[in-house]
Amino acid sequence: MAKVFNELGDHGRIVADGTPSAIKSQSAPQVIRCTTSIAVPELEAMFGVQSVRLAGGRAELLVSIAEPVVRDLALRDAGLADLEVAGAGLEEAFLAITHAT
């Protein structure tokens with residue numbers, strides 16, 4: 001029974017199996033949150049960006065590797081503010097894994 005809670009499924013098929021930490025490490029996404037004047041389509045087109053959503057007036061970017069994206073953001077937007085980089089949670093890992101399969 002415990003295994004059922006450790007499987008991550010998408011439309012009835014198992015796409016990942018393991019503890020939440022192990023599942024997150026399989027996709028290894030990171031989240032960049034910031035206030036930027038860059039339009040969403042331009043953010044989505046940036047190398048390394050997997051997805052973009054707006055939340056509370058801030059952009060939230062799911063990225064494979066944060067450092068080059070942060071550099072690109074800073075070069076494109078002199079008014080870049082409220083920058084935060086964090087490891088992705090289980091929800092973001094699920095989105096990254098199911099997007100890749």
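This is a predicted model: local features need pLDDT of at least 70, side-chain atom pairs count only at pLDDT 80 or more; totals for chains, interfaces and linings use all residues.
Which residues are exposed on the other side of α4? Arg71 and Leu75 are, where exposed means over 50% relative accessible area, buried under 20%, and partly exposed in between (1.4 Å probe, protein chains only).

Residues are numbered from 1 along each chain as its sequence is written, and side-chain values use heavy atoms, with hydrogens and water left out.

**View 1. The whole chain, with its 5 helices and 6 strands.** Helices (H or I, at least four residues) and strands (E, at least two) are DSSP runs, numbered from the N terminus. Going along the sequence, you pass through α-β-β-α-β-α-β-β-α-β-α. Of the 101 residues, 32% count as buried. Take the contacts (heavy atoms within 4.5 Å) with a separation of 6 or more: 63% of them are between residues 24 or more positions apart.

**View 2. The largest nonpolar core, a set of 14 residues.** A nonpolar core here is a set of buried Ala, Val, Leu, Ile, Met, Phe, Trp, Tyr and Cys residues joined through side-chain atoms within 4.5 Å. The members that touch the most other members are Ile32, Leu43, Val49, Leu61, Val63, Val69 and Leu73. At least two core residues come from each of β3 (30–35), β4 (49–55), β5 (58–63) and α4 (66–76), and α4 gives the largest share, with 4. Leaving aside residues up to four places away in sequence, Val63 touches Pro29, Gln30, Ile32, Gly48, Val49, Gln50 and Val69.

**View 3. Helix α4 and its buried residues, Ala66, Val69, Val70 and Leu73.** Look down the axis of α4 and the buried residues fall within an arc of 100°, so they line one face of the helix; the arc is that of the directions from the helix axis to the C-beta atoms. Their cover includes β3, α3 (40–45), β4, β5 and β6 (81–87).

**View 4. Glu60, a buried residue at 11% relative accessible area.** Glu60 sits in strand β5. Its side chain makes polar contacts with those of Arg33, at 3.0 Å, and Arg53, at 2.6 Å. A polar contact is a pair of N or O atoms within 3.5 Å; within protein, one must be able to donate a hydrogen and the other to accept it, and residues adjacent in sequence count only if both atoms are side-chain atoms.

**View 5. Arg33 and Glu84, a salt bridge with the closest N and O atoms 3.4 Å apart.** A salt bridge is a side-chain nitrogen of Lys or Arg within 4 Å of a carboxyl oxygen of Asp or Glu, and by this rule there are 6. Arg33 in strand β3 and Glu84 in strand β6 are 51 residues apart. Both are partly exposed, Arg33 at 21% and Glu84 at 33%.

**View 6. Arg76, with salt bridges to Glu42 at 3.0 Å and Asp72 at 2.9 Å.** Glu42 is in helix α3 and Arg76 in helix α4, so this pair ties together parts 34 residues apart in sequence. Asp72 and Arg76, by contrast, are 4 residues apart in helix α4, about one helical turn.
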